[in-house]
Amino acid sequence: MNHFSITTRDLNLWYAKFQALKNVTVNIPQGKITGLIGPSGCGKTTLLRCFNRINERFGYVTTTGEITVLGQNILAPDVSLIELRKHVGMVFQRPNPLPISIYENVVFGLRIHSERRDLRKSELDDAVEKALREVLLWDDLKDRLQHRATGLQLEQQQKLCIARLLPLKPQIILMDEPCSALDTAGTLGIEELMRALAGHYTIVIVTHNMGQARRVSDECVFMLMGEVVEHAKTTDLFLTPKDPRTADYIEGRYG
Amino acid sequence: MNAPTPNIFAATPLARKKQRREQLARAVFFTMALLLVVPLVLIVTYLVVQAWPVLSWEFLTTNPKRGMRAGGIWSALLGTFYLVGFSLLVAAPIGILAAVYLNEYAKDNWFTRIVNLAVINLAAVPSIVHALFGLGAFVIFFGLGKSILAASLTLAIMTMPVIIASTKEALAAVPQSFREACWNVGATRWQTIRHVVLPNSISGILTGVILQVSRAAGETAPIMFTGAVFFKAIEEGNLFAYGLRDQCMALSMHLFTISTQVPDVPHGLPFATAVVLLGTVLFINALAIILRVWLRSRKKW
Ligand SMILES: Nc1ncnc2c1ncn2[C@@H]1O[C@H](COP(=O)(O)OP(=O)(O)O)[C@@H](O)[C@H]1O
Ligand SMILES: [Mg+2]
């Protein structure tokens, strides 16, 4: 059981009358990078957002089925969304650093999740250094910690957004097309970072870039119209896809 | 997974504390919203209850009688429509077009910044100051005398800055990318405004204009000096009973008169007048809301 970080069984999700996920059953391995691929509108973002229950902020969403994260059914009534989101972090398509200093961005989660009196300056400083080192930004930014985060280059902003999750010690990081706002160098930078983080964290990444899926992911899930069509090791999925629709998609015949 | 594992996402004491604070914050916001609504409902209910015996179709369509101690409010009601209508006829086009210029054409330099600042400050000038300006400028200098025309123009001067400010805000809310898309197919600025900017901001612009209807209908000071009289009988049932150079009655001032200046007014009369004033404003607002919903339903984003 424990080598899967996230498992879903017969997960169905409706936006009002529209069914966006159909009987999704997937097992996301722990400490690996899992890519979610598929044409636009097939439900990748929706699935990703189920894993930290952020879809629910729309009142008209209905979910059935089972989602188990780190061995715990997260649809159970005694699950605290506050705690869940601490363990499952998310990185968005457009870097979204808060318009405060780099330092404050990194410690933002700590401040949210602790009483003010429990935080000591030295602890915060350590957390910032550790998080920024982990995302390979420390050397670039260590002299500019008090600068505004929104002034950074996009690649650095996105790395900072990842660093912002780390002080809370999440086990899972969800990334929704994290590179689509970045240029090639930025994309490679984020990919390098993802490889460095894999192992310590379970990473689920939505991507439209087949090259990226091949380069960074260990396993790949191909989705179509709300259903999981194929889930396999990345090398297998790209070399010997079992389903003709997967083959069509990865060869760029549609989507 | 047979053995029950402890729930790692169970609320920690801190999370529970945060949750309690969340509920507290929510309760405070809700109470404030309630504090806003309750007095409003109470006031309106009280007014309507007190006014009920007096309200009738006849009340709306007859002139005040016996030194305003009896009869209806026809001349005041029609006067208010004239004043508000003409002031909007002047203020809305000028205000909206000026705002379009300021937002779409004017360069961002010290001059436009001063103009913008002036507009905002003008919007904050008390209405009695507008009244004195109207008296000096329209009644005396331009020789319009105390008349509907002079009073409407004064109201227009009063409402215009707010219309400009709110229109500018509505225009600024249209995403810049829409404009760029338009320019990049070779549209002129006017074409861009006509086909993209105005259609997408019209509901916001209308809101700003409509809010000024209520303000123009409710103000007493600006019209008292420039065109409104305590009493004037006009032909009942004729919508064109006032001429532009006539003086007129107005609901707001009539309400002031019968509640403070005339002794022995029957109890229900001021309340009924207030309800009609309120009803008129609500009616116009309702029209505007319907128009807005209709316009918005055509909006595609
Ligand atoms: N908030 C929402 N309300 C209604 N429908 C939505 C919402 N979000 C997504 N959808 C619909 O659900 C489907 C899946 O969307 P999404 O998960 O964003 O796809 P992907 O990320 O794979 O492009 C799409 O058809 C989309 O139109
Ligand atoms: Mg998406």
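A residue is called buried when its relative accessible area is under 20%, exposed when it is over 50%, and partly exposed in between, using a 1.4 Å probe and protein chains only. By that rule B:L35 is exposed, because its relative accessible area is 54%. The model described here is predicted, so local features need pLDDT of at least 70 and side-chain atom pairs count only at pLDDT 80 or more, while totals for chains, interfaces and linings use all residues. Residues are numbered from 1 along each chain as its sequence is written, chains are lettered from A and ligands numbered from 1 in the order in which they are written, and side-chain values use heavy atoms, with hydrogens and water left out.

**Interface between chain B and chain A**

- The size of an interface is often given as the accessible area lost when the parts come together.
- Between chain B and chain A about 1300 Å² is buried, and carbon and sulfur atoms give 58% of that area. Buried area here is the accessible area (1.4 Å probe) that two parts lose on being put together, summed over both.
- Chain B brings 15 residues to the contact and chain A brings 18 residues. Contact means heavy atoms within 4.5 Å.
- Six residue pairs, both at pLDDT 80 or more, are in polar contact across the interface of chain B and chain A. A polar contact is a pair of N or O atoms within 3.5 Å; within protein, one must be able to donate a hydrogen and the other to accept it, and residues adjacent in sequence count only if both atoms are side-chain atoms.
- Two salt bridges are counted between chain B and chain A. A salt bridge is a side-chain nitrogen of Lys or Arg within 4 Å of a carboxyl oxygen of Asp or Glu.
- B:R21 makes a salt bridge with A:E115, and their closest N and O atoms are 3.2 Å apart.

**Salt bridges in the structure**

- Over all chains, the structure holds 15 salt bridges.
- In chain A, the side chains of A:D125 and A:K121 form a salt bridge with an N to O distance of 3.0 Å. These two residues are four apart in helix α4 (residues 121–134) of chain A, so about one helical turn separates A:D125 from A:K121. Helices (H or I, at least four residues) and strands (E, at least two) are DSSP runs, numbered from the N terminus.
- A:D125 is partly exposed, with a relative accessible area of 29%, whereas A:K121 is exposed at 56%.
- A:E129 and A:R133 also form a salt bridge, with closest N and O atoms 2.7 Å apart. They too are four residues apart in helix α4 of chain A, so about one helical turn lies between A:E129 and A:R133.
- Both are partly exposed: A:E129 has a relative accessible area of 27%, and A:R133 has 44%.
- A:D139 pairs with A:K142 in a salt bridge whose closest N and O atoms are 3.8 Å apart. A:D139 is exposed at 58% relative accessible area, and A:K142 is partly exposed at 38%.
- Salt bridges that share partners join A:E115, B:K17 and B:R21 into one network.

**Nonpolar surface patch**

- B:L24, B:V28, B:M32 and B:L35 make a nonpolar surface patch of about 400 Å². Patches are made of residues with over 30% relative accessible area and no salt bridge, with like charges joined within 9 Å and nonpolar side chains (Val, Leu, Ile, Met, Phe, Trp, Tyr) within 5 Å.
- B:L35 lies in helix α1 (residues 13–51) of chain B.

**Buried residues in helices**

- B:T154 is in helix α6 (residues 148–172) of chain B, and B:T154 is buried, with a relative accessible area of 1%.
- A polar atom of the B:T154 side chain lies 2.7 Å from the backbone oxygen of B:A150.
- Neighbours within four places in sequence left aside, B:T154 has contacts that include B:H130, B:F138 and B:P222.
- A:Q158 is in helix α6 of chain A and is buried, with a relative accessible area of 0%.
- Leaving aside neighbours within four places in sequence, residues in contact with A:Q158 include A:V91, A:P95 and A:I190.

**Positive phi values in loops**

- A:L70 has a phi near 50 degrees, a positive value in a residue other than glycine. A:L70 sits in the loop between β4 (61–69) and β5 (72–73) of chain A and is partly exposed at 22% relative accessible area.
- A:K169 has a phi near 55 degrees, also positive in a residue other than glycine. A:K169 is in the loop between α6 (154–165) and β7 (172–176) of chain A and counts as exposed at 60% relative accessibility.

Methods
Accessible areas come from the Shrake-Rupley method with a 1.4 Å probe; for residues, only the protein chains shown count as cover.
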